[in-house]
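Hi,

Here is the structure I said I'd pass on.

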Amino acid sequence: MGHKVLARVPLFEVPAGSPAAKLAKELGVPLLEGKALGSVRLDATHPHWAHVVVHELVETAAERGFDGVMLSELETMSHDAERAALLRVLPMLKSAYPDKQLFLEGGASLLREARRHLDGIVFIEETGANADADSALRLERKILDASRQGVCSYVVGFENPEKPTNIAARAARIRQLGGVPFFTTPDIHGANLGPLLEVSRRILVLHTGAARETYTARLLHGSLEWLGYQVTYQDASQEGSAWMPGHQGVSAVILDQSLSLSRERQHALAELVTTLAEQKVPLLLTGQPWANAGDWAQVSKVLGLSGTGSSVAKPAAASVKHAEADLMMNPGAISPRVSGLRDVRLTTDDGKTLLSLQADHVEHSQVALTTWGGLWLDPLALEAGPQVNPLPFLESLLSRYPTAPVMDTTSLDGRRLLVTHISSEGYAETTDLPGLPVAAEAMLEKVVSKYALPMTVAVSEADVRGWTPGVDARQAPRLQEAARTLFTLSHVEAASGTMSRPTTWEGKTASGGLMNASAPEKDLSMEREVAGSLGWLHRQFLGQGQAMRLVSWPQGSFPSAEASAFSHQMSVENVATQSSATLAGRISPLPARGWSSGESFSTVLTQNTGDAAAFIAEATRTGQRRWLSPVQVSLSFHDAASANHLKQVEKMLDWCASQPFQAVTVGEYARLMRDASRTRLFQTGADRWIIVNEGRARTLRLPASAGVPDLAACTGVSGFTRQGDQVYIHTLGLRRTELVMRRDAERDYLRLASSTGSVSYLEAGSSRALLQVSHTRPVEMSFEGIMPGSICQMIANGAPDYLMAGPDGRIEFTVPSQATVQLRILPEHKAAMR
């Protein structure tokens with residue numbers, strides 16, 4: 001839950017070459033033979049053993065930042081001398097580390113003498129050969145005895161994730177005895193099986209080939225991301241790989257159109273489909289991977305489908321049999337698509353066909369929702385655009401799950417996000433503007449200096465040093481002066497466009513080669529391209545207190561997992577830029593905005609086409625009913641190379657500056673995106689959840705039908721706003737937020753509605769607030785939940801003002817770009833005096 005992290009410290013047996021063993025040898029503590037290979041046992045009866053425990057074993061944990069220690073191996077104590085030694089060391093530990101918590105793992109027989117020095121005791125359920133009919137009874141006696149001694153028991157129980165017993169009843173019994181329960185798997189790898197229910201939002205995609213090139217990644221990933229799901233891609237063609245990730249349950253499984261499996265794997269996949277149907281895990285078919293008639297017969301019977309499943313030859317006549325008008329991607333009539341048509345149709349009444357064709361007097365289902373999941377058999381969706389809107393389709397497919405909050409990454413503090421990025425391409429290009437400035441100078445004068453919006457500017461080291469082929473090295477001083485001026489602007493976030501913009505990122509370390517666009521024959525290390533460029537740019541262009549916050553991968557390339565992880569090791573975020581889909585006037589599906597691979601994460605921006613009118617129309621469309629995406633102005637220095645391109649950029653930014661957005665840098669947005677992808681959600685009851693993350697992502701989203709936050713019962717919630725059919729909930733950015741919903745909002749509870757600048761709360765209450773705002777422009781703020789006609793005192797940077805709440809209980813005001821704001825609802829008698 002993001003509260004405490006304890007170090008498990010074995011007291012007696014340590015590795016033979018460890019610092020603890022070396023210190024014990026220096027102090028004369030005998031080293032006995034250990035049970036494990038390569039370990040020694042410290043003689044606890046020696047007077048200096050306590051010194052090793054306090055000043056090596058526990059001190060190491062304390063220095064590493066643990067909140068406390070759990071002393072283990074107590075069951076190996078064999079005589080009273082070791083017991084007496086342990087009891088002597090406990091008060092020494094509490095005295096040496098008064099700010100650290102002290103726990104025992106087991107050791108119930110020590111409680112009577114040790115209880116005054118302990119913060120808790122951990123009991124681990126017996127398993128295997130140690131478990132018998134009386135083991136549960138013995139555990140209950142230990143918990144009860146600890147409660148009587150005034151020591152809190154933390155109880156680890158074990159469950160089979162595939163066939164769990166009644167965890168709720170077991171947890172209730174442990175709580176009744178005074179313990180705190182937690183259930184996991186016997187391997188003790190931290191899997192949470194209860195009693196707190198974690199909300200699973202994982203979608204498993206089984207595919208073949210590169211994950212980013214799959215049908216799902218290009219068509220459905222962005223919509224799943226908006227719905228709050230974490231998409232995991234697994235290459236199913238790898239022999240021996242497991243289909244499902246064990247106890248880490250998934251919300252749905254997608255069989256990608258790219259699936260190409262061996263005969264044996266096809267049969268195994270058919271068995272998996274049967275299992276998923278039995279377990280009622282939603283399944284989405286975007287292709288038909290079974291070549292064997294027997295396997296398809298098994299699948300079609302389980303799923304209630306008919307037809308051969310094979311491709312249909314181009315029919316002589318085809319027409320749209322049925323199209324669900326409300327779910328179509330584009331207005332107007334649609335044309336039948338017969339390329340890649342499959343002989344598949346629903347045969348049961350428990351499904352709903354959204355799109356089907358009539359070909360040579362036979363109906364073929366293309367898109368459908370069913371009780372077991374759905375069909376999406378539209379091979380041309382990537383080339384010609386989807387005919388059915390993926391977002392409402394997936395929303396319906398996954399609607400069987402209870403409503404739960406989603407980390408929203410399109411807004412902050414009640415305003416839609418604006419993200420502005422300038423990548424390094426074209427930095428040294430000569431423009432057609434009067435005086436023939438280079439693109440860097442034109443971008444500085446015409447765009448960056450003109451618009452005081454937070455923006456991220458990436459520079460490639462090779463460009464500014466005159467190393468890029470085609471760049472005159474004699475221009476280096478001029479190019480460096482432009483970079484220096486860019487990075488002195490307070491609203492600009494400095495980013496590295498790498499050293500020389502490699503086109504592939506396969507190397508891991510200095511021994512791993514990278515392909516460079518300008519010098520293909522030369523191998524360059526990742527350290528030089530990424531770390532080296534970050535360091536050089538920092539030393540040359542950044543002042544005191546500034547830092548490089550971002551790596552901007554070259555356009556046309558995407559980082560490997562190793563490259564992305566490498567950037568995180570240096571505490572900088574990374575962003576990749578993808579080309580925008582052009583579908584001849586058709587609406588494109590939501591693009592992916594983040595990409596995870598193991599522990600690595602890359603934020604993804606979509607490059608603008610250069611057409612301001614199209615940009616404004618798309619940004620307006622995706623913000624009308626719901627905020628479907630942040631507004632992304634993703635440029636490059638190429639956009640400053642001509643007067644025509646600059647006019648389009650100015651039109652984009654003029655429109656953005658006129659809108660009520662909250663503008664952030666790409667680094668801030670990337671940190672928000674990565675935090676959202678790692679957020680964990682636990683349900684504690686009806687309309688109650690606990691949200692755990694780093695506090696970077698601090699907007700929760702729910703359907704408006706879920707109600708509004710009960711601010712008096714919530715922890716870490718500052719307010720909310722509505723946009724269309726969604727409610728956006730603002731949090732304080734705590735590691736642990738407790739959300740409780742109610743039907744209607746309180747009329748006498750001060751709450752934040754929106755702010756154009758990032759808000760950091762210092763104090764929050766029902767009638768007052770103390771907060772700080774930071775932006776590059778004056779910040780517009782609004783608060784609600786005030787009784788109509790009430791007077792509010794607002795003090796910004798020491799300057800007081802008084803505001804009256806309107807009939808809707810709302811006040812609005814503007815404060816300086818950097819401000820400390822005090823807000824207080826005055827009592828009626830003070831308001832009357834005022």
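Let me start with E461, which is buried at 0% relative accessibility (buried means under 20% relative accessible area, exposed over 50%, partly exposed in between, with a 1.4 Å probe and protein chains only). Its side chain meets that of R465 in a salt bridge, 2.6 Å from N to O. A salt bridge here is a side-chain nitrogen of Lys or Arg within 4 Å of a carboxyl oxygen of Asp or Glu. R465, for its part, is partly exposed at 26%.

Before going on, some housekeeping: this is a predicted model, so local features need pLDDT of at least 70 and side-chain atom pairs count only at pLDDT 80 or more, while totals for chains, interfaces and linings use all residues. Residues are numbered from 1 along each chain as its sequence is written, and side-chain values use heavy atoms, with hydrogens and water left out.

Back to the salt bridges: the structure holds 34 of them. Another one pairs E746 with R742, at 3.6 Å from N to O. E746 is buried, with 9% relative accessibility, and R742 is partly exposed at 31%. Salt bridges with shared partners also link E395, R625, R626 and D725 into one network.

What does E395 pair with? It forms a salt bridge with R626, and the closest N and O atoms are 3.1 Å apart. E395 sits in helix α12 (residues 390-397) and R626 in the loop between α18 (612-621) and β30 (631-636), so this pair ties together parts that are 231 residues apart in sequence. Helices (H or I, at least four residues) and strands (E, at least two) are DSSP runs, numbered from the N terminus. E395 is partly exposed at 30%, whereas R626 is buried at 8%.

Now for a pair of helices. The axes of α15 (residues 476-488) and α16 (residues 526-541) come within 10 Å and cross at roughly 80°. Axes are lines fitted to C-alpha atoms, for helices over the stretch in contact, and angles run from 0 to 180 degrees between N-to-C directions. α15 and α16 are therefore roughly perpendicular to each other (65 to 115 degrees; under 35 is roughly parallel, over 145 roughly antiparallel, the rest oblique).

Which residues make the contact? On α15 they are Q480, A483, R484 and F487, and on α16 they are W536, Q540 and F541, contact meaning heavy atoms within 4.5 Å. By class, that contact has four nonpolar, two polar and one charged residues (Ala, Val, Leu, Ile, Met, Phe, Trp, Tyr, Cys and Pro count as nonpolar, Asp, Glu, Lys and Arg as charged, and the others, Gly among them, as polar).

Cheers
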